[in-house]
Amino acid sequence: MLQVARARPWRPLCAQSIQARRRYVHAPRQRTVTVLGETYPTDDYTNLPPTIAELLERRLHVTPPHPLNTIRKLIASHFEGFKSYDDLPAVVTPALNFDSLGFPPDHPGRARGQSYYINRGIMLRTHTSAHEVDIYRQTPRSGGWLCTADVYRRDEIDRSHYPAFHQTEGARLVNVADMDKLKAENEELRRGIKASRIIMEDCPDFDAITNPLQASHLPETVLPMAQNLKLRITTLFMSIFPPSTTPLHVRWTPDIFPWTSPSFQLEVRYRDAWLELLGCGIILDDTIARGGHNPAEERSWAFGMGIERIAMPLFGVPDIRLFWSKDERFWKQFKDGQVSKFQEFSKYPPVERDIAFWLPVGMAKPHAASHAAGGEVGGWEENDLWDIIREVGGDLVEDVKIFDDFWNEAKGRRSLAIRITFRSMERSLERAEVNEITDEITAKLTARLAVEIR
Ligand code: DAH
């Protein structure tokens, strides 16, 4: 059991927050939600906070001179001849986001605790792969495409996680009769990598048991594809990251996705840690066929990468919240299409506040249900906690950690203590302001999650 420092004893709520509490306890569920000007009915599945719905309007990846727009263009210039789709709406059906790619019905990604639902039939895309099948349908034989978009996932809170981020998806179709041409292309790419300072640790292109070729695929038509995928992506990073004194170090590892086999992951070494950059693989025949192509004649590779992960080291942006900043001191630093180092405007002091509470009776013991589908344990979802904190504190919340988590056998209840770090990137925070936000968070946690403050 995790036993860290004891929580601070809780102070009584101040008058202001009792008002706030009344507001929230009695707030009826909204009958509709409006996203991008469209109004949708809500139901028991709705979990999209207005603060997240507003982010859909920002379109950062197509707004110059935003760094994400620059990254999008840099990637596109590397994949010459690939058609770009950068304007696909983030409101999709679970059928598109999951079923079209063969996600099993009990996949954790589908859980309300993991994804944002407008209602049972409509959600925010959790990845750009949601558009794969539709885009294949519009792609000619032997064609390639890219798709960059904002994606949404309920997540923890720290300097590199935000519930909205951006991905670029890319795919290439190759006729099985063209494998010799592809091998020649691979040779050329390999020569380019050898001449560069990049260190690429490869992994086997398949494993008969853990990362198999598809039953209908011969190695001759898959191995050149897998190599081409890895080489095209490695050379992409070679072209994006400037040659520097420390050589870029990337490594491939096997992975698993419901619509690819074999599948891979790429990580890059950054500040003494391996940073996950992308997932990719050889598309399943079923998915190719759903996308209107003939799997007997064509193979395809595809990848999906988080572009903040690239932009943060490249532009030296230390906190993912900065990408969403409306402050002109952020925007004015960048020029369209150019990579430059971000200068932090100033580092304002953090303010920490702790909240300790009992979960409702009947909630599982800590770690007992060990992250059952989507972290949902008997109705308790950790991501509900993060969403409420973000909903009230917005981008003033830099980090939230659970620093105490214990089970009281006598009470049969689980206690959690969380530490919220508030820090504005634009100004110094007043203590009173932070207290008020903390009180409002406390009131909402009590009202919505039925926790009992200790
Ligand atoms: N959509 C996956 C993710 O968000 C990444 C991915 C994996 C994309 C494999 C692909 C793919 O196109 O083939 O984690």
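**Cysteines, strands and helices in a predicted model**

The sulfur of C203 lies 8.8 Å from the closest cysteine sulfur, which belongs to C280, and this is too far for a bond, because a disulfide is counted where a pair of cysteine sulfur atoms lies within 2.5 Å. A disulfide is a covalent bond between the sulfur atoms of two cysteines. The model is a predicted one, in which local features need pLDDT of at least 70 and side-chain atom pairs count only at pLDDT 80 or more, while totals for chains, interfaces and linings use all residues. Residues are numbered from 1 along each chain as its sequence is written, and side-chain values use heavy atoms, with hydrogens and water left out.

The structure holds zero disulfides. C147 is likewise in no disulfide, and the nearest cysteine sulfur, that of C280, is 16 Å away. C203, at 10% relative accessibility, counts as buried, and C147 is buried too, with a relative accessible area of 0%; here buried means under 20% relative accessible area, exposed means over 50%, and partly exposed is in between, using a 1.4 Å probe and protein chains only.

We turn next to the strands. Strand β11 (residues 260-270) pairs with strand β12 (residues 273-283) in the antiparallel sense over nine bridges, where pairing requires that DSSP finds at least two bridges between two strands, and where strands (E, at least two residues) and helices (H or I, at least four) are DSSP runs numbered from the N terminus. Within this pair, V268 stands opposite L275 in β12. The two strands form a hairpin with two residues between them, and R271 in the turn has a positive phi of about 50 degrees. On to the next partner, β12 is joined by five bridges to strand β13 (residues 298-306), and these two run antiparallel, with L278 standing opposite M305 in β13.

Among the helices, the axes of α3 (residues 67-78) and α9 (residues 308-315) come within 10 Å and cross at roughly 105 degrees, the axes being lines fitted to C-alpha atoms over the stretch in contact, with angles that run from 0 to 180 degrees between N-to-C directions. That makes α3 roughly perpendicular to α9, a term used for angles of 65 to 115 degrees. In the contact, which means heavy atoms within 4.5 Å, P67, L68, T70, I71 and L74 of α3 meet E308, I310, A311, L314 and F315 of α9.

Finally, helix α12 (residues 431-449) contains N435, which is partly exposed at a relative accessible area of 25%. The C-alpha atoms of N435 and V351 are separated by 9.9 Å, although these residues are 84 residues apart along the chain.

Conventions:
Angles under 35 degrees count as roughly parallel, over 145 as roughly antiparallel, 65 to 115 as roughly perpendicular and the rest as oblique.
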